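Here is a short walk through one protein chain. Keep the viewer open and follow along.

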Amino acid sequence: ALRNLAINSDDNRVRIGAEGGIGAVIAAMSHRRVSAGVEARGCGVLRLLAANAGVGGKIGQEGGIGAVLAVMKRHGELVRVQKQGCGALRNLAVSSDDNRVR
C-alpha cells in the first residue's frame with residue numbers, strides 16, 4: 001500500500017515519512033522471518049520515499065541505509081533484492097549529504 005501511495009505523489013511521500021511509515025518499513029525489513037520478496041519491496045518503498053530529499057534524509061536518520069545493506073547481504077544471490085537495494089541506496093545518497101557519509 002505504501003508503494004502505491006508513494007509512487008507518483010511527493011505529498012504522500014512526505015506524509016508517509018511524517019506519520020511513521022519509514023519506521024514501519026524498516027521494522028518489516030528487519031524481521032528475521034520475512035521473505036526476500038517482502039524485503040525487496042521494502043527496499044523499493046524506501047527507494048520511492050527517498051525521491052523526496054527531506055524524506056530521504058529522515059530515512060538515513062532512522063537507520064534505513066543499514067536496513068537496506070543488511071537485506072542486500074542476506075540475499076546477495078537474488079537479483080531483485082540487489083536491484084531494489086541499489087536503487088534505494090542511490091536515491092538515499094542523492095537526497096542527502098548526510099546520507100552520503102553514513
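Start at a backbone detail. Just after α2, Gly20 has a positive phi of about 90 degrees. Bear in mind that the model is predicted.

Now step back into the helix itself. Helix α2 covers residues 10-18. Which residues of α2 are buried? They are Arg13, Ile16 and Gly17. These three cover an arc of only 100 degrees around the axis, so they sit on the same side of α2. A general point of helix geometry applies here. An α-helix has 3.6 residues a turn, so residues three or four places apart point the same way. The other side of α2 carries exposed residues: Asp11, Arg15 and Ala18.

What do the buried residues of α2 pack against? Their partners are α1 (2-6), α3 (21-30), α4 (36-49) and α5 (53-61).

Asp10 belongs to this helix too. Its relative accessibility is 37%, so Asp10 counts as partly exposed; the band for that label lies between 20% and 50%. Take Ala24 as a reference point. Asp10 and Ala24 are 14 residues apart in sequence, and their C-alpha atoms are 19 Å apart in space.

Next, move along the chain to a loop. His75 lies between α6 (64-74) and α7 (79-95). Is His75 buried or exposed? At 13% relative accessibility, His75 counts as buried, because the cut-off is under 20%. Leaving aside residues up to four places away in sequence, His75 touches Ala36, Glu39, Val81 and Gln82.

Now zoom out to the whole chain. The protein has eight helices and zero strands. Read from the N terminus, the order of elements is α-α-α-α-α-α-α-α. The C-alpha trace spans about 35 × 30 × 20 Å along its principal axes. How does the radius of gyration fit? A compact globule of 102 residues would come near 13 Å, and the protein has 12 Å, which agrees.

Take contacts between residues at least 6 apart in sequence: 63% of them join residues at least 24 apart. Buried residues account for 44% of the 102 residues.

Finish with the surface and the charges. The protein exposes about 5600 Å², and carbon and sulfur atoms supply 53% of that area. How many side chains are positive, and how many negative? There are 15 positive and 8 negative ones. The centres of the two sets lie 7 Å apart.

Notes:
Residues are numbered from 1 along each chain as its sequence is written. This is a predicted model: local features need pLDDT of at least 70, side-chain atom pairs count only at pLDDT 80 or more; totals for chains, interfaces and linings use all residues. Side-chain values use heavy atoms; hydrogens and water are left out. Helices (H or I, at least four residues) and strands (E, at least two) are DSSP runs, numbered from the N terminus. Buried means under 20% relative accessible area, exposed over 50%, partly exposed in between (1.4 Å probe, protein chains only). Contact means heavy atoms within 4.5 Å. The radius of gyration is taken over C-alpha atoms; the globule rule is 2.2 Å times the number of residues to the power 0.38. Accessible areas come from the Shrake-Rupley method with a 1.4 Å probe; for residues, only the protein chains shown count as cover. Lys and Arg count as positive and Asp and Glu as negative; His and the chain ends are not counted. The place of a charge is taken as NZ of Lys, CZ of Arg, CG of Asp or CD of Glu. The arc is that of the directions from the helix axis to the C-beta atoms.
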